[in-house]
Number of protein chains: 2
Amino acid sequence: MNLILLLKEDFLPFGDRVRITDRRLKHVLSVQGASRGDELAVGLLGGRIGTGTVVRLDGEALEMDVRLERDPPQKLPLTLVLSLPRPKVLRRILRTMSSLGVERIVLLNSFRVEKSYWQTPFLNEAQVKEQLVLGLEQAKDTVLPEVLLRPLFKPFVEDELPGLVRGTLPLVAHPSAAEPCPRGLTRPATLAIGPEGGFIPYEIDLLVSCGFLPVSLGERILTVEAAVPALISKLF
Amino acid sequence: MNLILLLKEDFLPFGDRVRITDRRLKHVLSVQGASRGDELAVGLLGGRIGTGTVVRLDGEALEMDVRLERDPPQKLPLTLVLSLPRPKVLRRILRTMSSLGVERIVLLNSFRVEKSYWQTPFLNEAQVKEQLVLGLEQAKDTVLPEVLLRPLFKPFVEDELPGLVRGTLPLVAHPSAAEPCPRGLTRPATLAIGPEGGFIPYEIDLLVSCGFLPVSLGERILTVEAAVPALISKLF
């Protein structure tokens, strides 16, 4: 936690003082080892970032006087369309995507996604948000990415995706593609990433007919957890 | 496992036939669901890659006739000097570094590395090699990276690092650096990455006096697991 993410409910009436009593208190007590007078990095969920001066810190509560003076880092102009990974990986990759500043995440079904993955409790709204918040706290950001769950590949790609890609460069990561992944984009992008084992040819064809360009990171096949930061870092 | 990594011991006398009876057999049976006549991607540890034609596959053994006709993917001309992460992360990041094709890995102590991390059994040679092999199998590579364990920061940086960085561009990832991480290098590099919380100023100074240039990926602080693929993908 490199930034304490504050909620509107944390603020005491009339002023800039917050009181925190949950896991964030535990973290500040045990990991950060802060004490009275210390200045901690804080940010308001969906709002600005700044510093909080500790005015009280004990087993009961952390109280800070907060100044929010700067905008959070810019989001990447990126919609990431990711084949739903297995549940354990899902949690980590949600944090990673949130840390990296992805603006919109679509979790999509595809042929090689196991049906059971859609049943995981980790897809509940609260659990998804929890991971995204951890990612924001890591990256010192305050703005949650939008997350869409799309358990049907074909209707999503045919009916909804054309609207989402409008005005963006649509790319699909495909290890056997001839085109290398472009570098240093200055325009918005939509990036589709398949499951372990990749999209099947039918899915690639459907994406291509929606305007997607297959691009490759090279001969090496990376796990989705390594591919996501590697691709994003290449693009922006 | 996108490639079955073969050992010299797998080969039957006089010929190109291998017999496999360990976890690789289990994987081919349960995950790949291969059968007789199938061609599987194979590679010889430290050698070439190619295909193996399944001539026997049952609960006892997998036998293949092997043709090794191509060189494995090139290594990245990169020495990665990584502050020792906590054990759980260590295992994953060894796989990731191996998949990405890092040529040499130095696991280094630094001020913010917990002493206890050096006691983990995951640092045993066999366990390190196991993770590196999993990374190679993921990336369809055969060549293990070299791994050096250096539990003393100062003597390593003063006495050994100058020799290692010779002929390379030495960079240290440092979130507050003014210089952005360079892109698309065409020469060898040495990249130092600090622990969660970063190198302390004394360590940065010592690295700078060894010729390292502090570079940043931007405002966002990434976990080491996201930073490693992001930095490498930016550099090469």
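## The six-stranded sheet of chain A

In this predicted model, chain A contains an open sheet of six strands, arranged in the order E8-E7-E6-E10-E9-E11 with parallel pairing. Strand E8 (146-150) and strand E11 (213-215) of chain A each have a single partner strand, so one side of each lacks a neighbour in the sheet and these two strands form its edges. From one strand to the next, the twist averages 20°.

Helix H6(A) lies across strand E6 (76-83), E7, strand E9 (169-173) and strand E10 (189-193) of chain A, and its direction is at about 155° to E6(A).

## The five-stranded sheet of chain B

Chain B holds an open sheet of five strands in the order E1-E3-E4-E5-E2, and the pairing here is mixed. Its edges are strand E1 (4-6) and strand E2 (17-20) of chain B, each of which pairs on one side only. Neighbouring strands of this sheet are turned against each other by 40° on average, with direction ignored.

Strand E3 (residues 39-44) and strand E4 (residues 49-57) of chain B run antiparallel and are connected by five bridges. One of the paired positions is Gly43(B), whose bridge partner in E4(B) is Ile49(B). Helix H1 (residues 23-32) of chain B lies across E1, E2, E3, E4 and strand E5 (62-70) of chain B, running at about 160° to E1(B).

## The interface between chains A and B

The contact draws 28 residues from chain A and 28 residues from chain B. Between them the two chains bury about 2300 Å², of which 47% is on carbon and sulfur atoms.

Two salt bridges are found across the interface of chain A and chain B. Among them, Arg220(B) pairs with Asp141(A), the closest N and O atoms being 3.1 Å apart. The count of residue pairs in polar contact between chain A and chain B, both residues being at pLDDT 80 or more, is 20.

On the side of chain A that touches chain B, the elements giving two or more residues are helix H2 (87-100), helix H3 (125-139) and helix H6 (224-235) of chain A. The residues of this side divide into nine nonpolar, 10 polar and nine charged.

Terms used
Residues are numbered from 1 along each chain as its sequence is written. Chains are lettered from A and ligands numbered from 1 in the order in which they are written. This is a predicted model: local features need pLDDT of at least 70, side-chain atom pairs count only at pLDDT 80 or more; totals for chains, interfaces and linings use all residues. Side-chain values use heavy atoms; hydrogens and water are left out. Two strands pair if DSSP finds at least two bridges between them. Helices (H or I, at least four residues) and strands (E, at least two) are DSSP runs, numbered from the N terminus. Axes are lines fitted to C-alpha atoms, for helices over the stretch in contact, and angles run from 0 to 180 degrees between N-to-C directions. Contact means heavy atoms within 4.5 Å. Buried area is the accessible area (1.4 Å probe) that two parts lose on being put together, summed over both. A salt bridge is a side-chain nitrogen of Lys or Arg within 4 Å of a carboxyl oxygen of Asp or Glu. A polar contact is a pair of N or O atoms within 3.5 Å; within protein, one must be able to donate a hydrogen and the other to accept it, and residues adjacent in sequence count only if both atoms are side-chain atoms. Ala, Val, Leu, Ile, Met, Phe, Trp, Tyr, Cys and Pro count as nonpolar, Asp, Glu, Lys and Arg as charged, and the others, Gly among them, as polar.
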